[in-house]
Amino acid sequence: MAACGVGLLVRVPLCAQGRGQVYRPICRLLSCPGTVAADLKREEQSSGNVEAGSADRSHQKRFSEVQKERREQAQRTVLISCPNKISEKKFLKYLSQHGPINNHFFYESYGLHAIVEFCRKESVSSLQDATYTPSTGKEAAIPFRSRFFNVKLKNPSTSEKPPIQCSNQSPPSSRKLLELLCYAESIDDQLNTLLKAFQITEENAKLRHLTCSLIEDIAAAYFPYCTVRPFGSSVNSFGKLGCDLDMFLDLDETGRLHAQKTSGNFLMEFQVKNVPSERIATQKILSVLGECLDHLGPGCVGVQKILNARCPLVRFSHQASGFQCDLSTNNRIALKSSELLYIYGALDSRVRALVFSIRCWARARSLTSSIPGAWITNFSLTMMVIFFLQRRSPPVLPTLDYLKTLAGTEDKCIIEGHNCTFISDLNRIKPSGNTETLELLLKEFFEYFGNFAFNKNSINIRQGREQNKPDSSPLHIQNPFETSLNISKNVNQSQLEKFVELARESAWVLQQEDQDRPSSSYQPWGLALLVLPSASNSMSLAKKKRKVPPRERIKNLLESIRSDNTEDSINTSGKRTISTRA
């Protein structure tokens, strides 16, 4: 059985300001490079503390550069299903016959799997040439030359093998998260701890791009120059471990002329079939790909063709990677939105920590759901956080219109008549002068939206200011590119009122934390009270203690006034007189 890391527990005394002396365990996690544990280890080795709002302003790669590198990396990578009792050393030595290996890691999803990245793309072809199609007894195999392999042992050995260290591909359990948050030194530390625990790791990112590359191999049988690109949470820096994999089939390269220009008075065109509209063409393309994935795609199961949706898609599960996948076509605005969020997440170190915590809070309070309905979506919550940070003084984040003014000629982008232009070079954007702590920003977020005039104002990150709502939707958040659309149109009045009430309640809980922080690290406090179901009872009890019906509050206020006025009107003989002010 594969083992997933080893933990050593050491207790050391730690004096936390305002919380008394406690003993806090330090966990040394031994795991593969690129995991959260490895990230934490690197941070421990780095010197100095990062101030609020400061970020590494060394040269940062553009979104397009990162995606290009990831795609090239995926093209020289293979996915291999392995037996549990396998010698890692012998396995890598065998694969090295086909070329040098850049890196590798193991993970579990319906069995043990290995991701192996070669240094050269030719090594993949060499491995494919040495691989055969299995022959089974009663069943017939459909031959398909993919980069998803299955390795078997010719002579299985009964001797004990060293356990394989597996990369974690799942978010932490509630119990583990509670432990991490309770042992944090401050609410700022809690937010950063939650971010590190939930964010997509280096290995998980590689697995996502490889999955897209494997699907691209299938689509390329029909469209040789196509590209399958991930978008959304998988690439915008706000995705968490376990989130779905959204991908779209980019056919722009297929439609262009790849033939060399020739002289003469002739222009050669491909003979094609024509359909009445772009939407029908999209539906036909996805229908065919859905059939291919269902019948020919290794590891693709549960294929659903959802072709009549506003954005037609094919939904399926990729068992080997463990991802729930949605495949659409030519969804370029969605990719541009992913790039915009990537930029906002990279501009300031506090943005992602705040977004992750707000999303986690919303899920714990049943404000969001994986089931379609009247709930607020994670995308809407992200827009609300960005808008809030634009409203700070000084602003933490610039408006989209400001990013547009910085754009150069190479950044100009018009998609389906929508202006999607903004600067792509992060290094040309001036960092914020705002130095507010994460704790303050979290409190102020709840205060801000707990008192926001949702009945008349809309949220607009393009201009970074409230605007009059153009319609009667309870919550109106303008789509940053398709500006006539409301991305939160699905949210009803009941869900909005629930959000406002919980935001006010959370602001109150954080306010109490300043006055009465527990002395023991084993008690939930700070962010743990907001994002963990196990701590919800504490919030409910606090809510009951403070929540008094409006009629009762008014009655108590009047009685208090009468009492004060009556005392003021007591005469010197000890007799009481009726106050005319009562």
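This is a predicted model: local features need pLDDT of at least 70, side-chain atom pairs count only at pLDDT 80 or more; totals for chains, interfaces and linings use all residues.
Local features are taken where pLDDT is at least 70, side-chain atom pairs count only at pLDDT 80 or more, and totals for chains, interfaces and linings use all residues. Residues are numbered from 1 along each chain as its sequence is written, and side-chain values use heavy atoms, with hydrogens and water left out.

**Helix H6**

Helices (H or I, at least four residues) and strands (E, at least two) are DSSP runs, numbered from the N terminus. Helix H6 covers residues 187-198, and its end C-alpha atoms are 17 Å apart.

A residue is called buried under 20% relative accessible area, exposed over 50%, and partly exposed in between (1.4 Å probe, protein chains only). In H6, 10 of the 12 residues are buried, among them Ile 187, Leu 191 and Phe 198. Asp 189 also lies in this helix. With a relative accessible area of 29%, Asp 189 is partly exposed.

**Nonpolar cores**

A nonpolar core is a set of buried Ala, Val, Leu, Ile, Met, Phe, Trp, Tyr and Cys residues joined through side-chain atoms within 4.5 Å. The largest one has 85 residues, and those touching the most other members include Leu 354, Trp 361 and Phe 446. Helix H10 (residues 332-347) gives the most to this core, with 10 residues. A second, separate core has 30 residues, including Ile 215 and Leu 293.

Contact means heavy atoms within 4.5 Å. Leaving aside neighbours within four places in sequence, the contacts of Phe 446 include Ile 358, Trp 361 and Leu 530.

**The sheet**

Two strands pair if DSSP finds at least two bridges between them. Five strands form an open sheet with mixed pairing, in the order S7-S8-S11-S10-S9. Its edge strands, each pairing on one side only, are listed here.

| Edge strand | Residues |
|---|---|
| S7 | 227-231 |
| S9 | 300-306 |

Neighbouring strands are turned by 25° against each other on average, direction ignored. Axes are lines fitted to C-alpha atoms, for helices over the stretch in contact, and angles run from 0 to 180 degrees between N-to-C directions. Strands S10 (residues 313-318) and S11 (residues 323-329) pair in the antiparallel sense over five bridges. Arg 315 has Asp 326 in S11 as its bridge partner. Helix H9 (residues 278-295) packs on the sheet, touching S8, S9, S10 and S11, and its direction makes about 160° with that of S9.

Conventions: The expected span of a helix is 1.5 Å times one less than its number of residues.
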